Amino acid sequence: MNGWNQSSTTTARLAEQLPADSSGIINMSSPSGSSDSGSSAMMIHDLRALYARSPGMGTTAKSMTALSKVQSQSSPLAAKSPVMSPSTPKKSPSSVASGGGAMMEDGRQKTDLFLCQFQAQMSQMKSAMDELLMHKSNSRSSSATTVAAVAATSGGNRRGGGGSTRVSKRAAAATAGAVAIPTPGSAAVTYQSQISPLNGLKMKIKKSPKMYKKRGPKGGKRGRKKRKDDDDDMDDFSDFDDEPPRAKVARSSASKAENDGREPIGWGDNLPENVLENIFSQGISDEGCIPFLVRVSKVSRLWRKVASNPKMWTHVDLSSSRVKDVYRSERNLVYFLENRFFHAKHLNLGGWSSALTNGAIDVLVRCCKDLESLGLSSCQKLTGPNLKTITESCKCLQRLDLSTVSTTYNTKSAVAPIALCEAAEAMGSRMTHLQLANNCVANCTQIVQSLADHCPNLEVLDLSNVTSPRRDTIAINVEHLQKGCHSIRILRLTNSDIMLSETSLKEQVSSPGFPKLEELSIAVDPKKCSGMDDGDLERIVKNGKKLRLLDVRGCGKISDSGLVRVPAWDLEHLYLSGCYATKSSNDGLELIVRKWRHSFKEIDFSWTPNEDAINLAISALAEQDSDSQLPPVKVLDLCGSSVSLDSIKRALKTCVYLLSLNLTSCRALPRGMKRNYQSVEDVIVLREQVMSGKFDDNPND
């Protein structure tokens with residue numbers, strides 16, 4: 001702005017310095033006396049237009065007065081130009097004849113004098129105009145140079161991490177030094193200035209959106225695109241290595257406070273690092289490293305420093321849907337392994353199939369020396385040699401998840417019999433968890449035998465949805481497994497066509513069973529196979545007095561007598577949907593309920609067709625003990641059963657801890673009541689309606 005004001009002042013000064021006798025220039029005429037005022041009007045018009053077009057040059061009173069003076073001098077002045085004066089008296093012919101020679105000589109002299117004056121004044125006028133144009137050009141170039149210098153200085157400060165201060169919209173509106181200079185074909189750049197009482201002028205370059213935004217579809221509303229809820233954490237993980245916006249805001253606020261002589265605002269910036277580490281540890285235990293550490297790293301530089309400490313990254317789950325597939329690359333995985341996961345103990349890489357190359361696995365075994373648990377589910381490119389490298393190099397590895405590694409038979413996959421037997425032999429007594437769910441495994445009998453021979457501390461074995469290449473029945477020797485892996489707590493054989501191999505009675509008697517067994521799932525799809533029977537169940541749960549969960553859904557050969565003989569006395573979760581026990585005698589379910597009613601938390605009696613059996617079972621569940629102990633059941637599934645309204649009334653009155661009640665498709669219940677009550681509020685409303693007699697007079701379907 002100062003450059004343009006200087007140009008305006010220069011223009012006014014040059015206009016005032018024009019020669020006073022400029023009639024010969026502006027009112028030039030030919031020697032014959034014919035006036036030509038067109039050129040003079042054109043020159044004045046060009047001067048005024050050039051003055052008006054100059055950006056930043058205001059029409060001040062002084063400059064306009066100078067231009068008016070020039071224009072007034074452009075009118076015909078007869079007194080100063082006798083050759084062109086129309087008021088000159090005509091001479092008589094006699095006087096002309098007598099003094100013709102003298103007059104011609106006098107006119108020739110005046111003409112020469114006029115031409116000399118005209119040339120001199122034209123040269124002076126040209127110099128004035130050249131000086132005006134030169135000042136205009138210099139002012140433009142100086143403004144452009146100043147803008148470029150400020151941009152370079154601010155850009156350097158921003159890269160250097162200091163000197164730039166973020167200005168809010170209110171502060172930017174209050175300052176007077178904001179100038180927008182759009183560049184053709186690019187976004188507009190706004191220069192915001194802030195006056196600091198200590199350090200003078202601070203400049204901040206803020207790149208604003210494009211000047212001309214694209215319009216939406218014709219007739220449609222232009223608005224901000226809605227952001228999905230889970231995009232925040234995706235972007236958080238992808239931008240973890242760049243300085244986040246919140247960190248920049250905190251850094252700018254801290255820098256501003258420091259420049260103003262004040263302490264940074266925020267209690268978190270004053271906490272010691274060890275205190276922050278303890279706080280973050282609590283958050284990690286609740287939410288995990290992802291997304292907790294990614295979120296807190298955006299608060300301030302101190303928090304980012306603590307969150308980036310490899311000691312904090314001990315439990316990492318990268319299989320979460322928060323991490324988009326586009327970020328699951330080998331490059332990103334190698335970077336995090338080398339810079340974050342030095343002290344990782346639990347690492348889940350489920351779904352990172354394309355990133356687990358031979359080079360990435362070499363980095364994994366080199367950097368993660370303290371690894372205890374490794375999840376490789378859905379990593380279908382994992383091979384047997386890769387698994388061997390992992391099991392032999394990670395000396396602390398105890399848990400291994402190989403779910404959905406090979407859904408089709410592949411001799412080179414990591415779940416091939418040779419690869420799994422070598423892994424069991426390499427890990428030995430260190431192996432405590434092995435998950436092989438959703439795989440096509442050949443010779444599963446050999447794998448189970450290898451586990452029994454080399455892994456005495458095995459606690460979790462998951463063989464759910466395991467199939468053989470020929471889709472035939474898989475036979476396992478459970479007595480051999482009980483002798484070799486007597487510490488098993490969780491055994492999952494869900495939806496797998498597995499049967500127990502025949503053994504001698506002596507071997508069955510000498511088997512120690514599973515004394516630490518807590519969870520057993522042998523549920524099957526009754527359309528594919530019939531599942532195990534009472535004898536198989538008895539062999540598996542032998543000495544299983546700590547059993548807490550039993551799932552026998554779809555097992556058409558397990559009766560109520562087989563369930564009653566289960567040695568556990570504190571069973572909490574029982575799933576009997578589609579089991580033969582729900583179709584047998586009328587008092588079978590009642591005996592089952594009376595044995596475990598004091599410990600039941602979840603019961604599944606869905607699709608029980610026998611009305612008397614289900615009503616007796618619910619009545620036994622709703623009975624109150626002599627010591628006035630209420631049943632602790634929280635989840636009750638009666639979907640598709642023949643339970644009556646009176647039984648539901650008794651259950652709602654006594655089972656006060658119910659959190660969920662499924663009454664869908666219960667044909668014996670009145671209308672308006674058959675639905676799934678999945679929350680505590682829904683159960684409370686149902687209890688009030690039933691106790692008030694709302695459904696007593698409603699007809700059945």
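# Close-up views of a predicted model

View 1. The structure is a predicted model, in which local features need pLDDT of at least 70 and side-chain atom pairs count only at pLDDT 80 or more, while totals for chains, interfaces and linings use all residues. Residues are numbered from 1 along each chain as its sequence is written, and side-chain values use heavy atoms, with hydrogens and water left out. Lys-694 belongs to the segment that follows helix H25 (680-691); helices are DSSP runs of H or I with at least four residues, strands are runs of E with at least two, and both are numbered from the N terminus. In sequence, 22 residues separate Lys-694 from Gly-672, and their C-alpha atoms are 9.9 Å apart in space.

**View 2. The whole protein, as a setting for the other views.** The protein has 25 helices and 19 strands. Its residues number 701, and 43% of them count as buried. Of the contacts between residues at least 6 apart in sequence, 74% join residues at least 24 apart (contact means heavy atoms within 4.5 Å).

**View 3. Helices H23 and H24.** H23 covers residues 611-622 and H24 residues 645-654; they pack at an angle of about 20 degrees, and their axes lie 9 Å apart. Axes are lines fitted to C-alpha atoms, for helices over the stretch in contact, and angles between N-to-C directions run from 0 to 180 degrees. H23 and H24 are therefore roughly parallel (under 35 degrees; over 145 is roughly antiparallel, 65 to 115 roughly perpendicular and the rest oblique). Their crossing is left-handed, a term for a near helix turned anticlockwise from the far one by less than a right angle, clockwise being right-handed. From H23, Asn-615, Ile-618, Ser-619 and Ala-622 meet Ser-647, Arg-650, Ala-651 and Thr-654 of H24. The residues of this contact comprise three nonpolar, four polar and one charged. Ala, Val, Leu, Ile, Met, Phe, Trp, Tyr, Cys and Pro count as nonpolar, Asp, Glu, Lys and Arg as charged, and the others, Gly among them, as polar.

**View 4. The buried residues of H24.** Leu-645, Ser-647, Ile-648, Ala-651, Leu-652 and Thr-654 of H24 are buried. The buried residues of this helix pack against H23, strand E18 (660-662) and H25.

**View 5. Helices H16 and H17.** Helix H16 (residues 417-427) packs against helix H17 (residues 444-454) at an angle of about 10 degrees, the axes being 9 Å apart. H16 is therefore roughly parallel to H17. Pro-417, Leu-420, Cys-421, Ala-424 and Glu-425 of H16 meet Gln-446, Ile-447, Ser-450, Leu-451 and His-454 of H17. This contact has six nonpolar, three polar and one charged residues.

View 6. Ser-403 lies between strand E7 (399-401) and H16. Its relative accessibility is 9%, so Ser-403 counts as buried. Apart from neighbours within four places in sequence, Ser-403 is in contact with Leu-376, Ser-377, Ser-378, Gln-435, Ala-437 and Asn-439.

View 7. Side chains of opposite charge can pair when their charged atoms come close. A salt bridge is a side-chain nitrogen of Lys or Arg within 4 Å of a carboxyl oxygen of Asp or Glu, and the count by this rule is 13. Glu-459 and Arg-489 meet in a salt bridge of 3.3 Å, N to O. Glu-459 is in the loop between H17 and strand E9 (460-462), and Arg-489 is in the loop between helix H18 (478-484) and strand E11 (490-492), so the pair ties together parts 30 residues apart in sequence. Glu-459 is partly exposed at 26% relative accessibility, and Arg-489 is partly exposed at 24%. A network of salt bridges links Glu-459, Arg-489 and Glu-518.

**View 8. The salt bridge of Arg-539 and Glu-479.** In this salt bridge the closest N and O atoms are 2.8 Å apart. Arg-539 lies in helix H20 (residues 534-540) and Glu-479 in helix H18, so the pair ties together parts 60 residues apart in sequence. Arg-539 counts as buried at 14% relative accessibility, and Glu-479 is buried at 2%.

**View 9. The salt bridge of Arg-295 and Glu-287.** The closest N and O atoms of Arg-295 and Glu-287 are 3.5 Å apart. Arg-295 is partly exposed, with a relative accessible area of 34%, and Glu-287 is partly exposed at 43%.

Conventions
Buried means under 20% relative accessible area, exposed over 50%, partly exposed in between (1.4 Å probe, protein chains only).
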